[in-house]
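Trainee: Could we take a close look at one part of this model, namely the aromatic rings and what surrounds them? Please treat the topic as one connected account.

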Amino acid sequence: MTAQDSKLGDTDDKIFVGKGDEQAWLTLALANRHGLVTGATGTGKTVSLQVMAEGFARAGVPVFASDIKGDLSGISEVGEAKDFIVKRATEMGLTFQPDQFSTVFWDVFGEQGHPVRATVTEMGPLLLARMLDLNDVQEGVLNVAFRVADDNGLTLIDMKDLRALLDAIVPDAGKKGADAEESPLADIKKEAQGFGNVTKATVGTIQRQLLVLENQGGTKFFGEPALTLKDFMKTDRDGRGMVNILVADKLLQSPRLYATFLLWMLSELFEELPEAGDLPKPKLVFFFDEAHLLFNDAPKALMDKIEQVVRLIRSKGVGVYFVTQNPVDVPDRVLGQLGNRVQHALRAFTPRDQKAVAAAAQTFRPNPKLDTAKVIMELGKGEALVSFLEGNGTPTMVERVMIRPPSARIGSITPQERKVIMDASPVKGKYDTAVDAESAYEMIQKRIAGTAATADAADRGGGILGQIGSMVGTIFGTNVKRGRLSAGQVIARDVTRSVTNQVIGGMAANLGKSVAGQLGGSIGRTLVRGALGGLLRR
């Protein structure tokens, strides 16, 4: 379907979504004011999501969407002119023109898409505590661990780094005699106790929660090479936005991991992107399916941060669209930020359901021609109540419309089709091979084993050779006490890591950002963290 086929085709500044008594247009300049797609299971939410994703891609806007059931993967293949599709298009005055869209598949488990990884440092203590379902005391100890890691140059990349660090901050049991040998980690333990009472019992509880996360696949998520979010924000050779699909059918079995991962992505976009103001179209549109998982049992402190990010990220040129069954799944203070609405049918079999329908109806700008609450229960499959923002940023009156049919395939693709797309992916080879660089685990093990060099070792040997040895030791860190990294050591290690990663086809996290963060730790400064506790890397 093209703009030339009908006045109802997409234009340069609008996406045609559906038609009833009135036409439903989503204005690109207002698409970063966020949106909400709701409705009961089987009412057509995924098709509405696909229609909007196709419209954004045509307009050159990259899209990221989580795919729970696998149905959205069909956007990568040419649509089929089935009878019901052609009939609906004709009724809307459209000529059905099959199409497909450039797609990149991602998968936390690396099975049906490119692996998605983040480092523990980037995730930060706030989001990690939510992922682990920690209480306030346990979250406090986790914050202490991150602070100690920052101050001692202990880079937290994967789960074993965090486990090693937690073991390192546990106080030694019992008192030792005057002639007892001091623990090689004594300074780390002392610093941790300086921030508060870190007990073995609390650390043990956090370790057990880490085991739960590991059993859910957390070990595959944390590591390097870490995801570069700019890889989401690309266009293809025709100038269309790339459609990035997160394969989430298996990930949804670990709902807390799923929700926290997507929240981390949102916070990373918020921290990394510069202020953009009002643009003719968004830089990126983010579709968050099963959005209720984001808000379930979220503590108030986290809810405040989520609201802040959702409210402010629009100024970075990012539109966020939540997809869930009922508007009441989204807290009022977040719901108020979602200006573009698509409401599919809801069923009201119980008093609670009836209240939910009434609440959903009240979220729309009333239309004198419609009994909104009644219509919500009467909508057929593919029908929706729609209200989009118009010229001055106010919502249009709610309208009952039939959603236009997608141009690409409706439904999932085959494993063979997925393989072809993966083989031609623009990021093939960049993330597919995991890298286990030297980090906190290895550094702590060296200190325990007594292999960390001391300043005395650098002084062995005399004359000019001894002086040269001392200089080399300073640059590469062989004479740095207690495993703490010097600036030269950090740079040397990161250069080595970067070269190694390129050789094996797995690019590590951005060198400049990595060096900057680690330098901060090596000279005893706390790393700056953003709104949701992740590493602020600007």
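Mentor: Tyr-321 counts as buried at 1% relative accessibility, where buried means under 20% relative accessible area with a 1.4 Å probe and protein chains only. Phe-287 is likewise buried, its relative accessible area being 0%. This is a predicted model, in which local features need pLDDT of at least 70, side-chain atom pairs count only at pLDDT 80 or more, and totals for chains, interfaces and linings use all residues. Residues are numbered from 1 along each chain as its sequence is written, and side-chain values use heavy atoms, with hydrogens and water left out.

Rings of Phe, Tyr and Trp (its six-membered ring) pair if their centres lie within 6.5 Å; planes under 30 degrees apart are stacked, over 60 edge-to-face, and the rest tilted. This rule gives 16 aromatic pairs. One of them joins Phe-16 and Trp-25, a tilted pair at 5.4 Å centre to centre with 55° between the planes; both residues are buried. The pair of Phe-287 and Tyr-321 is tilted because the planes stand at 40°, with the ring centres 5.3 Å apart. Since Phe-287 belongs to strand β8 (residues 284-289) and Tyr-321 to strand β9 (residues 318-324), this pair ties together parts 34 residues apart in sequence; strands are DSSP runs of E, at least two residues, numbered from the N terminus.

One aromatic cluster includes Phe-286, Phe-288 and Phe-322. Charges also sit over rings, which requires NZ of Lys or CZ of Arg within 6 Å of the ring centre and within 35 degrees of the ring normal. The charged end of Lys-316 is 4.5 Å from the centre of the Phe-270 ring, and Arg-418 lies over the face of Phe-105 at 4.5 Å from the ring centre.

Methods:
Buried < 20%, exposed > 50% of the residue type's maximum accessible area, 1.4 Å probe, protein only. Helix = DSSP H or I, 4+ residues; strand = E, 2+ residues; numbered from the N terminus.
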